[in-house]
Amino acid sequence: MTARTFVMVSGAWHGAWCWNRLVPLLEARGHRVHTPELPGTGSSHADPATASLDGWARFIAELVSAQPAPVVLVGHSRGGAVISRAAQMAPWNLRMLVYLAAYLLPAGANVAAAARDDDGSLVPENMVAAGSGVTCTLRPDIIREAFYGDCDDQAFEFARTRLTPEPLKPLVSNVKTSAEVFGKVPRTYIECTRDRTISLTAQRRMQAALPCDPVFTLESDHSPFLSHPDELATLLARL
(Lines give C-alpha, C1' and ligand atoms only; values in the text may rest on other atoms or scores of the structure.)
Protein backbone atom coordinates (compact mmCIF):
# COMPACT_ATOMS: atom_id res chain seq x y z
CA MET A 1 0.00 0.00 0.00
CA THR A 2 1.38 3.38 -1.02
CA ALA A 3 1.60 6.01 1.70
CA ARG A 4 -0.55 9.06 1.01
CA THR A 5 -0.56 12.61 2.32
CA PHE A 6 -4.00 13.69 3.51
CA VAL A 7 -5.14 17.22 4.29
CA MET A 8 -8.48 17.21 6.12
CA VAL A 9 -10.75 20.29 6.11
CA SER A 10 -13.49 20.25 8.75
CA GLY A 11 -17.04 21.50 8.28
CA ALA A 12 -19.08 24.29 9.81
CA TRP A 13 -18.96 24.72 13.61
CA HIS A 14 -16.21 22.07 13.75
CA GLY A 15 -12.45 22.28 14.07
CA ALA A 16 -9.40 20.07 13.71
CA TRP A 17 -10.52 18.19 16.83
CA CYS A 18 -13.21 16.37 14.85
CA TRP A 19 -10.62 14.14 13.16
CA ASN A 20 -9.15 12.80 16.42
CA ARG A 21 -10.54 9.25 16.01
CA LEU A 22 -9.64 9.03 12.32
CA VAL A 23 -6.09 10.38 12.24
CA PRO A 24 -4.46 7.57 14.30
CA LEU A 25 -6.11 4.96 12.08
CA LEU A 26 -4.66 6.52 8.93
CA GLU A 27 -1.25 7.08 10.52
CA ALA A 28 -1.17 3.43 11.63
CA ARG A 29 -1.44 2.54 7.94
CA GLY A 30 1.61 4.69 7.18
CA HIS A 31 -0.16 7.79 5.85
CA ARG A 32 0.65 11.40 6.68
CA VAL A 33 -2.29 13.47 7.88
CA HIS A 34 -2.64 17.23 8.30
CA THR A 35 -5.71 18.72 10.03
CA PRO A 36 -5.39 22.50 9.66
CA GLU A 37 -7.55 24.88 11.65
CA LEU A 38 -9.29 27.33 9.33
CA PRO A 39 -8.73 30.90 10.57
CA GLY A 40 -11.63 32.06 12.71
CA THR A 41 -12.86 28.52 13.48
CA GLY A 42 -12.15 25.87 16.08
CA SER A 43 -9.19 26.75 18.27
CA SER A 44 -7.95 29.44 15.89
CA HIS A 45 -7.41 32.82 17.54
CA ALA A 46 -8.19 34.72 14.35
CA ASP A 47 -11.17 37.08 14.40
CA PRO A 48 -14.17 35.33 12.78
CA ALA A 49 -15.05 38.68 11.20
CA THR A 50 -11.98 38.32 8.98
CA ALA A 51 -12.94 34.86 7.71
CA SER A 52 -13.68 34.49 4.00
CA LEU A 53 -14.09 31.61 1.60
CA ASP A 54 -11.20 32.81 -0.54
CA GLY A 55 -9.04 33.35 2.54
CA TRP A 56 -9.70 29.85 3.76
CA ALA A 57 -9.10 28.37 0.31
CA ARG A 58 -5.82 30.25 -0.06
CA PHE A 59 -4.72 28.99 3.38
CA ILE A 60 -5.44 25.39 2.32
CA ALA A 61 -3.91 25.85 -1.15
CA GLU A 62 -0.66 27.06 0.40
CA LEU A 63 -0.54 24.08 2.76
CA VAL A 64 -1.20 21.66 -0.10
CA SER A 65 1.43 23.27 -2.31
CA ALA A 66 4.03 22.95 0.46
CA GLN A 67 3.70 19.16 0.74
CA PRO A 68 6.46 17.00 -0.76
CA ALA A 69 3.99 14.60 -2.39
CA PRO A 70 0.61 15.05 -4.10
CA VAL A 71 -2.19 15.49 -1.58
CA VAL A 72 -5.53 13.77 -1.06
CA LEU A 73 -7.57 16.81 -0.02
CA VAL A 74 -10.63 15.88 2.06
CA GLY A 75 -13.46 18.32 2.76
CA HIS A 76 -16.32 17.57 5.12
CA SER A 77 -19.67 19.37 4.78
CA ARG A 78 -18.98 23.11 4.32
CA GLY A 79 -15.35 22.12 3.81
CA GLY A 80 -16.36 20.90 0.35
CA ALA A 81 -16.70 24.48 -0.83
CA VAL A 82 -13.26 25.26 0.61
CA ILE A 83 -11.48 22.43 -1.16
CA SER A 84 -13.16 23.22 -4.49
CA ARG A 85 -11.94 26.80 -4.35
CA ALA A 86 -8.48 25.69 -3.16
CA ALA A 87 -8.24 23.32 -6.14
CA GLN A 88 -9.03 26.20 -8.47
CA MET A 89 -6.27 28.30 -6.87
CA ALA A 90 -3.58 25.62 -6.76
CA PRO A 91 -4.36 22.38 -8.64
CA TRP A 92 -0.80 21.27 -9.27
CA ASN A 93 -0.07 19.24 -6.10
CA LEU A 94 -3.43 17.51 -5.74
CA ARG A 95 -3.83 13.78 -6.19
CA MET A 96 -7.56 13.88 -5.54
CA LEU A 97 -10.40 15.84 -3.95
CA VAL A 98 -12.59 13.87 -1.54
CA TYR A 99 -16.04 15.19 -0.67
CA LEU A 100 -17.10 13.61 2.62
CA ALA A 101 -20.84 14.26 3.00
CA ALA A 102 -19.85 17.62 1.59
CA TYR A 103 -21.10 20.50 -0.52
CA LEU A 104 -19.92 19.86 -4.08
CA LEU A 105 -21.08 23.07 -5.70
CA PRO A 106 -21.04 24.36 -9.26
CA ALA A 107 -19.41 27.68 -10.03
CA GLY A 108 -21.49 30.57 -8.73
CA ALA A 109 -23.29 28.57 -6.01
CA ASN A 110 -22.91 28.95 -2.26
CA VAL A 111 -23.36 26.77 0.81
CA ALA A 112 -26.20 28.77 2.36
CA ALA A 113 -28.40 28.58 -0.74
CA ALA A 114 -27.65 24.89 -1.25
CA ALA A 115 -28.60 24.17 2.37
CA ARG A 116 -31.88 26.06 2.03
CA ASP A 117 -32.72 24.01 -1.06
CA ASP A 118 -32.29 20.75 0.86
CA ASP A 119 -35.68 19.76 2.26
CA GLY A 120 -34.09 16.93 4.20
CA SER A 121 -31.67 19.11 6.15
CA LEU A 122 -32.32 20.04 9.78
CA VAL A 123 -29.75 22.84 9.72
CA PRO A 124 -31.14 25.95 7.94
CA GLU A 125 -34.28 26.30 10.07
CA ASN A 126 -32.28 25.77 13.27
CA MET A 127 -29.48 28.27 12.69
CA VAL A 128 -29.28 31.21 15.07
CA ALA A 129 -27.36 34.28 13.92
CA ALA A 130 -25.36 36.20 16.50
CA GLY A 131 -26.39 39.76 17.21
CA SER A 132 -23.20 40.94 15.56
CA GLY A 133 -24.20 39.28 12.30
CA VAL A 134 -20.70 37.79 12.07
CA THR A 135 -21.33 34.21 13.21
CA CYS A 136 -24.12 31.72 13.77
CA THR A 137 -24.79 28.74 16.00
CA LEU A 138 -27.26 25.84 15.98
CA ARG A 139 -30.09 25.34 18.44
CA PRO A 140 -28.69 22.94 21.05
CA ASP A 141 -31.63 20.52 20.95
CA ILE A 142 -31.04 19.71 17.27
CA ILE A 143 -27.27 19.15 17.33
CA ARG A 144 -27.23 15.43 18.02
CA GLU A 145 -29.82 14.54 15.41
CA ALA A 146 -28.27 16.83 12.80
CA PHE A 147 -24.63 15.82 13.24
CA TYR A 148 -24.13 12.83 15.49
CA GLY A 149 -27.08 10.44 15.16
CA ASP A 150 -24.86 7.33 15.13
CA CYS A 151 -22.37 8.52 17.76
CA ASP A 152 -22.07 6.99 21.21
CA ASP A 153 -22.59 9.27 24.20
CA GLN A 154 -18.86 9.79 24.74
CA ALA A 155 -18.24 10.93 21.16
CA PHE A 156 -21.31 13.15 21.21
CA GLU A 157 -20.27 14.92 24.41
CA PHE A 158 -16.72 15.29 23.14
CA ALA A 159 -18.01 16.97 19.99
CA ARG A 160 -20.84 19.01 21.50
CA THR A 161 -18.56 20.79 23.93
CA ARG A 162 -16.10 21.75 21.19
CA LEU A 163 -18.45 23.27 18.61
CA THR A 164 -17.76 26.95 17.99
CA PRO A 165 -19.71 29.73 16.24
CA GLU A 166 -19.48 29.56 12.45
CA PRO A 167 -18.49 32.65 10.44
CA LEU A 168 -21.40 33.57 8.18
CA LYS A 169 -19.59 35.31 5.33
CA PRO A 170 -18.05 32.16 3.80
CA LEU A 171 -21.45 30.45 3.81
CA VAL A 172 -22.95 33.07 1.51
CA SER A 173 -19.87 33.45 -0.72
CA ASN A 174 -20.15 31.96 -4.20
CA VAL A 175 -17.65 29.31 -5.18
CA LYS A 176 -15.43 30.40 -8.06
CA THR A 177 -14.23 27.46 -10.14
CA SER A 178 -13.73 26.58 -13.78
CA ALA A 179 -13.96 23.39 -15.80
CA GLU A 180 -10.47 24.07 -17.17
CA VAL A 181 -8.79 24.06 -13.72
CA PHE A 182 -10.94 22.67 -10.90
CA GLY A 183 -12.75 20.42 -13.35
CA LYS A 184 -9.57 18.54 -14.23
CA VAL A 185 -8.72 17.51 -10.64
CA PRO A 186 -9.94 13.95 -9.91
CA ARG A 187 -12.71 13.89 -7.31
CA THR A 188 -14.32 11.27 -5.10
CA TYR A 189 -17.54 11.44 -3.10
CA ILE A 190 -18.23 9.59 0.15
CA GLU A 191 -21.96 9.78 0.75
CA CYS A 192 -23.60 9.17 4.12
CA THR A 193 -27.02 7.57 4.00
CA ARG A 194 -28.37 8.74 7.39
CA ASP A 195 -27.15 12.33 7.07
CA ARG A 196 -29.56 14.93 8.50
CA THR A 197 -27.33 17.91 7.64
CA ILE A 198 -26.93 17.24 3.91
CA SER A 199 -29.58 14.73 2.95
CA LEU A 200 -28.67 11.77 0.78
CA THR A 201 -30.98 13.18 -1.89
CA ALA A 202 -29.00 16.43 -1.91
CA GLN A 203 -25.68 14.58 -1.92
CA ARG A 204 -26.73 12.59 -4.97
CA ARG A 205 -28.14 15.64 -6.72
CA MET A 206 -24.74 17.34 -6.38
CA GLN A 207 -22.96 14.24 -7.67
CA ALA A 208 -25.25 14.13 -10.69
CA ALA A 209 -24.33 17.72 -11.54
CA LEU A 210 -20.59 17.21 -10.95
CA PRO A 211 -19.86 13.48 -11.31
CA CYS A 212 -17.27 11.85 -9.07
CA ASP A 213 -15.35 8.63 -9.56
CA PRO A 214 -15.27 6.62 -7.41
CA VAL A 215 -18.29 7.11 -5.17
CA PHE A 216 -18.47 5.32 -1.83
CA THR A 217 -21.50 4.85 0.39
CA LEU A 218 -21.33 4.75 4.18
CA GLU A 219 -24.32 3.74 6.28
CA SER A 220 -23.64 6.65 8.57
CA ASP A 221 -24.73 9.94 10.07
CA HIS A 222 -23.10 13.23 9.04
CA SER A 223 -19.97 12.57 11.14
CA PRO A 224 -18.45 9.20 10.20
CA PHE A 225 -15.03 10.34 11.44
CA LEU A 226 -16.53 10.03 14.95
CA SER A 227 -19.25 7.42 14.51
CA HIS A 228 -17.62 5.05 11.98
CA PRO A 229 -13.89 5.91 11.94
CA ASP A 230 -12.69 2.42 11.04
CA GLU A 231 -14.90 2.18 7.98
CA LEU A 232 -13.95 5.68 6.89
CA ALA A 233 -10.24 5.03 7.34
CA THR A 234 -10.55 1.88 5.25
CA LEU A 235 -12.20 3.79 2.42
CA LEU A 236 -9.67 6.61 2.47
CA ALA A 237 -6.74 4.20 2.53
CA ARG A 238 -7.97 2.76 -0.80
CA LEU A 239 -7.56 6.08 -2.64
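Visitor: What is the relative accessible area of Asp150?

Guide: This is a predicted model, in which local features need pLDDT of at least 70, side-chain atom pairs count only at pLDDT 80 or more, and totals for chains, interfaces and linings use all residues. Residues are numbered from 1 along each chain as its sequence is written, and side-chain values use heavy atoms, with hydrogens and water left out. Buried means under 20% relative accessible area, exposed over 50%, and partly exposed in between (1.4 Å probe, protein chains only). Asp150 counts as partly exposed because its relative accessible area is 27%.

Visitor: Which residue forms a salt bridge with Asp150?

Guide: A salt bridge needs a side-chain nitrogen of Lys or Arg within 4 Å of a carboxyl oxygen of Asp or Glu. For Asp150 the closest N and O atoms are 2.9 Å apart. The partner is Arg194.

Visitor: How far apart in sequence are the parts that Asp150 and Arg194 tie together?

Guide: Helices (H or I, at least four residues) and strands (E, at least two) are DSSP runs, numbered from the N terminus. Asp150 lies in the loop between H5 and helix H6 (153–160). Arg194 lies in the loop between E8 and H7. The pair therefore ties together parts separated by 44 residues.

Visitor: Which residue's side chain meets that of Arg194 in a salt bridge of 3.9 Å, N to O?

Guide: This partner lies in the loop between E9 and helix H8 (224–227), so the pair ties together parts that are 25 residues apart in sequence. Shared partners join Asp150, Arg194 and this residue into one network. The residue is Glu219.

Visitor: With which side chain does Glu145 meet in a salt bridge?

Guide: Glu145 sits in helix H5, and its partner in the loop between strand E8 (187–192) and H7, 51 residues apart. Glu145 is partly exposed at 41% relative accessibility. The N to O distance is 2.9 Å. The partner is Arg196.

Visitor: What kind of pair do the rings of Trp13 and Phe147 form?

Guide: Rings of Phe, Tyr and Trp (its six-membered ring) pair if their centres lie within 6.5 Å; planes under 30 degrees apart count as stacked, over 60 as edge-to-face and the rest as tilted. A search of the whole structure finds six aromatic pairs. In this one the centres are 5.9 Å apart and the planes stand at 40°, so the pair is tilted.

Visitor: How many residues apart in sequence are the parts that Trp13 and Phe147 tie together?

Guide: Trp13 lies in the loop between strand E1 (5–9) and helix H1 (23–28). Phe147 lies in helix H5 (residues 143–147). The pair therefore ties together parts whose separation in sequence is 134 residues.

Visitor: Which residue forms an edge-to-face aromatic pair with Phe147?

Guide: The rings are 5.5 Å apart, centre to centre, with 70° between the planes. Phe147 is buried at 3% relative accessibility. Its edge-to-face partner is Tyr148.

Visitor: What is the phi of Trp13 near?

Guide: Trp13 counts as buried, at 7% relative accessibility. Its phi is positive, in a residue other than glycine. The value is near 70°.

Visitor: Which residues touch the most other members of the largest nonpolar core?

Guide: A nonpolar core is a set of buried Ala, Val, Leu, Ile, Met, Phe, Trp, Tyr and Cys residues joined through side-chain atoms within 4.5 Å. The largest one has 81 residues. The two that touch the most other members are Leu73 and Leu236.

Visitor: How many residues of helix H3 are buried?

Guide: Helix H3 spans residues 79–89 and is mostly covered. Its buried residues, by contact (heavy atoms within 4.5 Å), pack against E1, helix H2 (53–65), strand E3 (71–76), strand E4 (94–100) and helix H4 (111–116). Of its 11 residues, the buried number 10.

Visitor: Which residue does a cis peptide bond join to Asp213?

Guide: Omega is about 5°. The residue is found in the loop between helix H7 (200–209) and strand E9 (215–218). It is Pro214.

Visitor: How many disulfides does the structure hold?

Guide: A disulfide is a pair of cysteine sulfur atoms within 2.5 Å. The cysteine sulfur nearest to that of Cys192 belongs to Cys151, 11 Å away. The sulfur of Cys212 is 13 Å from the closest one, in Cys192, too far for a bond. The number of disulfides is zero.
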